[in-house]
Every structure is written in C-alpha cells, then in structure tokens.
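Dear colleague,

Please find below the structure for your records.

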Amino acid sequence: MARSWFALKAFLAAVFVASLCVVPVLAQETMAAAPARKLAGPDGRKPDGSPLEAEEYEDPDHHINAWRERHLSTMKTTQHHHMKGSWLYGQLNAPADAPSDPVACAKSCESREDCYHWMFHVTGHHCSHAHDHGFANEDAIDWIHGHATRFLTKKKGSEL
C-alpha cells in the first residue's frame with residue numbers, strides 16, 4: 001500500500017513538472033497566432049488594390065499610444081509632474097468635479113489635501129486620485145499619472 005501511494009505521488013509530481021514546461025509553450029503559440037491589424041481598407045489591401053507587405057501591419061495598440069502621447073503633450077506646458085502608467089492602490093473617491101482632461105485632473109488632485117497621486121485614463125477620459133500608498137505601474141499603457149506637489153515634497157524630505 002505504501003509503495004503504491006509513493007508511486008502515485010511520484011507520478012503526479014512528474015505530471016505537474018511536465019505541465020510547467022508545456023503550458024507556457026502553448027500560451028506563446030496562442031499569443032503569436034493573434035493577427036495584427038492592417039493599414040488597409042476593409043478588403044485588406046492598399047488603396048491602389050495591391051497586397052500589404054509584412055512591415056505594413058499596424059501595432060494593435062496604436063490608438064492607445066497616440067491618445068497617451070497627445071495627453072502627455074498637453075501636460076508638458078504645465079508644472080505638474082506626469083508620466084506614462086497608473087498608480088496602484090490607495091485609490092480615493094472620485095473627484096467631485098469629474099475632470100475630463102489630465103491638466104484638470106492634476107489640478108483637482110493638488111486641491112485635495114488627501115490626494116498624493118492622480119491618474120487619467122487616456123481613452124475613457126476619466127480621472128482618479130490616490131492616497132500616499134501603493135506604487136507606479138508604468139506598464140499600464142492606457143493611463144498617465146503624476147504625483148502631487150505634497151508627495152514630491154514629502155519624498156525629498158525623507159531623502160535628507
């Protein structure tokens with residue numbers, strides 16, 4: 001009985017280890033198979049009717065990147081801290097004034113005593129605020145965020 005239990009545990013362990021090797025490979029194949037959007041008309045051809053070349057396929061996130069860069073460019077003329085990504089954790093209630101652009105979002109954060117970070121969703125055009133908890137997630141391509149002056153002042157004071 002003890003031998004069969006040991007054999008079963010060894011078998012299950014071997015299956016588990018094998019699944020760790022196979023699943024990531026299958027996931028990569030599935031992700032690689034996703035077709036890219038094309039820079040073409042509805043028939044998948046150029047306006048002159050010729051087929052697309054491989055380098056003419058479009059990045060599926062192009063519109064998100066374009067919106068993000070447009071919103072970041074509006075922040076360059078302000079004194080507000082700003083960068084790509086979002087702030088994770090410590091979210092506060094939505095701002096009462098519901099700003100619909102990143103400059104107004106940053107201003108509304110500065111006016112709240114409990115706000116240390118602001119976030120703006122570049123395609124949904126909504127603003128969020130966060131307390132002094134959490135960390136930046138620069139991988140969130142559809143968000144831009146920044147730190148309130150009180151956070152930057154606090155951070156500089158703690159480095160002394």
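Please bear in mind that the model is predicted.

Aromatic pairs. A search of the whole structure finds 2 of them. In one, the ring centres of Trp87 and Phe151 are 6.1 Å apart and the planes stand at 70°, so the pair is edge-to-face. This pair links distant parts of the chain, with Trp87 in strand β4 (residues 86–88) and Phe151 in helix α4 (residues 149–159), 64 residues apart. Trp87 is buried at 6% relative accessible area, and Phe151 is buried at 14%. Tyr89 and Phe135 form a tilted pair, 5.8 Å centre to centre with 55° between the planes. Because Tyr89 lies in the loop between β4 and α3 (102–111) and Phe135 in strand β7 (residues 135–137), the pair ties together parts 46 residues apart in sequence. Tyr89 counts as exposed at 55% relative accessibility, whereas Phe135 is partly exposed at 44%.

Salt bridges. The structure holds 2. Arg68 pairs with Glu69, with the closest N and O atoms 3.3 Å apart. Arg68 is buried, at 7% relative accessibility, while Glu69 is partly exposed at 42%. Arg112 forms a salt bridge with Asp114, where the closest N and O atoms are 3.2 Å apart; Asp114 is partly exposed, with a relative accessible area of 33%.

The side chain of Thr78 reaches the backbone oxygen of Met75 at 2.7 Å and the backbone nitrogen of His80 at 3.3 Å.

Yours sincerely

Key
Residues numbered from 1 in each chain as written. Predicted model: local features only at pLDDT ≥ 70, side-chain atom pairs only at ≥ 80, totals over all residues. Heavy atoms only, no water. Polar contact = N/O pair within 3.5 Å; in protein donor to acceptor, adjacent residues only side chain to side chain. Salt bridge = Lys/Arg side-chain N within 4 Å of Asp/Glu carboxyl O. Buried < 20%, exposed > 50% of the residue type's maximum accessible area, 1.4 Å probe, protein only. Phe/Tyr/Trp six-rings, centres within 6.5 Å; stacked < 30°, edge-to-face > 60°. Helix = DSSP H or I, 4+ residues; strand = E, 2+ residues; numbered from the N terminus.
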